[in-house]
Amino acid sequence: MILRKELPQEIKRFFEEIGVQEEELLLTTDSDLDLEGNYSTQWLVLSSTRLMNIGLKGALVWIVKEFNLNELTSVRVDRRVGNASLEVEKKGQFYEVIRFSTALIGKFEGFSTEITAVLKGRDLILTTEQQGEKEHKQKRHLKQRLSWASPKSTRKNRLLPRIFQLLKPYHGTGVLLVFLLLTGAALDLASPQFFKVLVDNFIETVALPAWFLAFALWFKQNSNIQYLLLLVLALGLLQLLRKIIRLIHNGLITKVASQIAFNLRNRLFKKLQELSFSFYEHHQVEQLMVKITQDVEELRGLILQATHNVINILLLIGAGILLSALELHLAVYALLPALFVIGLTLVYWNYEPPSYRSYWHKKAKLNEVLSTLLSRLRISKTFGQESRETENFKYYNDHPRQSMSKRGRVSGAFHPIISCLFGLGSLIVLYCGGQNVLRSELTLGTLIAFFSYLKMFYGALSQLTNINQWFISFTSTVQRIFQILDSEPKIKKSPQAVDFEFTGAISFEELTFGYDPNFPVIKDLNLTIEPGELVGIVGPSGCGKSTMISLLCRFYDPDRGRIMIDHVDLREINPACLRQQIGLVLQEPYLFRGSITENIAFGRPDISFEEIMAAAKAAHAHDFIINLPDGYDTILGERGSGLSRGEQQRIAIARAFLGNPKILILEEATSSVDPESEKAILEALEVLTKGRTTIIITHRLSTLSHADRIIVVNDGTIRETGSHQELLSLNGLYRRLLETQLPYLRNQQVTTSSTRRAN
Ligand SMILES: Nc1ncnc2c1ncn2[C@@H]1O[C@H](COP(=O)(O)OP(=O)(O)OP(=O)(O)O)[C@@H](O)[C@H]1O
Ligand SMILES: [Mg+2]
């Protein structure tokens, strides 16, 4: 739904004259009836204060109705036969604002919801300065309404058990990792003790501590020089062990994180394959997959970072205890600045999450915009919109930068303040500790060891001031991943689903379906098709033909009624079996980048080249393929570029041949090709349709002359049915449809014969 349809120049001028700023308008859309029910264009305009119906006839513009928003209590759409009105409630009474035909009910229902939101004081959209900002918000608003899984579905408090679930397969490695982490931290904490002995014993000549003597005795060392050697060796060994442990630890955690990422990517991709069509309509899958891959990669990094956080926590606790054990007084002085740092950090965290989240969202938005812009690169070039697209990109590209520079200013101030506080702590310790050493109340070795622990303590604390960033990134990433994993496919495979070979009997029984269940597109439709029958379905655009096919392929499930194939409900048939036995040749041939052979044999690696060639021959494609420089190995571009539309279509038909489906659906397979190609395609199709139940959907009624039966659909129900002749003699909708095409058909005949003559 477009919330703001471009206003005609006349209305814009009128608004200028009466002082209404176009930028202020929240919603603008047009109707097709006036309040008397005559065909006429009137505009519904919502500003932040007023709701108006603006009449427009030629250059004449006037206000038909106007309401002050603060006098209104509710909005509704009132339906009547053939038309409906948007009505507002004012002091308990309903007043008609604008009238429209039933075709526009859906649109105005949407608007009524939006206006209600404004009346309830919700921050709907706009009122801000820049158009770009408005569009951005509009899209966000719509997106929220379309989102497939509520963001609340994966609450943070339920995240933890699920994260453990993710890690469960690695519990063996996990135990080893914890052991390595503990040993590593213990080794880090042990080194200063050896230094202390070194300095005290050999510089200060303090007696060796009992633990060291026992240690030396164990190695049968008893002279001073041997003690020195032992100390140096022990220190070297500690460092070496520490390095080895870090190496093993890093190797293990990288392996586990990569394995988790690999499994998640697989699970997510499988999920995307399972989700129903309605999901793909609301999400751009390529974009989603890119986002998922990025998220999973980010998660991998965050898991690695998690172990650093654990090491820092262990060091913080260990160093804290040892500091207090070495010299309690000094430890209190040293911990005073640390308390300040903790207080400051808490204040910083309070500010940080919103700004970090906003940066995070803006970055995600930029990625999304980038892939949308790239995906429409061809279109933007075709319409010469490159500079506009560049501006678009610039606009979104600027958001993370702004957010980042704001963040940068704050964190730029925060970290130097922390360093200063830590520096101050060290100076206090140096001064007080130095005095103690001078007064011989403390040995130099103890002071040096104390400093080593202090460095560890401050270092760990300063690293941990960023733990909230890690936490936010980690939880949001995991949450986003779980949101997709949790989304339920609407089309579910029944546990009793059966596989069987179709004969091709199809029946639609009292079928009702709407993309929005409140607005059925197919209404109580009944249709039976015999095995092997060739049925044409025709009807005006938008009457529901493609929808019928989507339902038959079970891309959607009906809201009421059922579809049966060979008297088995579609919902009871294994979807894989169903899709295998239904062949689709659509207006868009759905070719992909790859060789012609790959395109014909899509998804069937067991097919031999001879079979592919036989299918191409049957589809009248072989001749043009072998004339290509690389023949069957010719690589097609994106969407089959490199071939003409007629040739692409014949490749798609060859693909359908290979599938050997029992039910064949041809939807506008010959439209958008010239009469010569159409002839070739029709010949190919004639062979293909033999012995199969075939449904042909087309606007070119002339191509249906050989159909066993033609069904005329209008507004989601069957209006007429019969052979071409029977329908003509009915003098109804079919005849009218045909008559509208006659001038076109005559024209086409003239063009074809003049082309022939020219040849
Ligand atoms: N994915 C969708 N989501 C919402 N509405 C849809 C969707 N697809 C189609 N519709 C609506 O359903 C109605 C029937 O559409 P359908 O595509 O079945 O018409 P059609 O008879 O195939 O038209 P055409 O001859 O132009 O192809 C239309 O009003 C259309 O706007
Ligand atoms: Mg269609």
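A polar contact here is a pair of N or O atoms within 3.5 Å; within protein, one must be able to donate a hydrogen and the other to accept it, and residues adjacent in sequence count only if both atoms are side-chain atoms. The model is predicted, so local features need pLDDT of at least 70 and side-chain atom pairs pLDDT 80 or more, while totals for chains, interfaces and linings use all residues. Residues are numbered from 1 along each chain as written, chains are lettered from A and ligands numbered from 1 in written order, and side-chain values use heavy atoms, with hydrogens and water left out.

Take Asp569 to begin with. A polar atom of its side chain sits 2.9 Å from the backbone nitrogen of Arg571. Asp569 belongs to strand β12 (residues 568-569), strands being DSSP E runs of at least two residues and helices H or I runs of at least four, numbered from the N terminus. At 14% relative accessibility Asp569 counts as buried, meaning under 20% relative accessible area with a 1.4 Å probe, protein chains only. Setting aside neighbours within four places in sequence, Asp569 touches Arg562, Ile563 and Met564 (contact: heavy atoms within 4.5 Å).

Now for ligand 1. Eleven residues surround it, Ser541, Lys545, Ser546, Thr547 and His699 being the closest (near: a heavy atom within 4 Å). Helix α15 (residues 545-552) gives the most to this shell, with three residues. Oxygen atoms of ligand 1 lie 2.4 Å from a polar side-chain atom of Ser541, 2.6 Å from a side-chain N or O of Ser546 and 2.7 Å from a polar side-chain atom of His699.

How values were computed: Buried means under 20% relative accessible area, exposed over 50%, partly exposed in between (1.4 Å probe, protein chains only).
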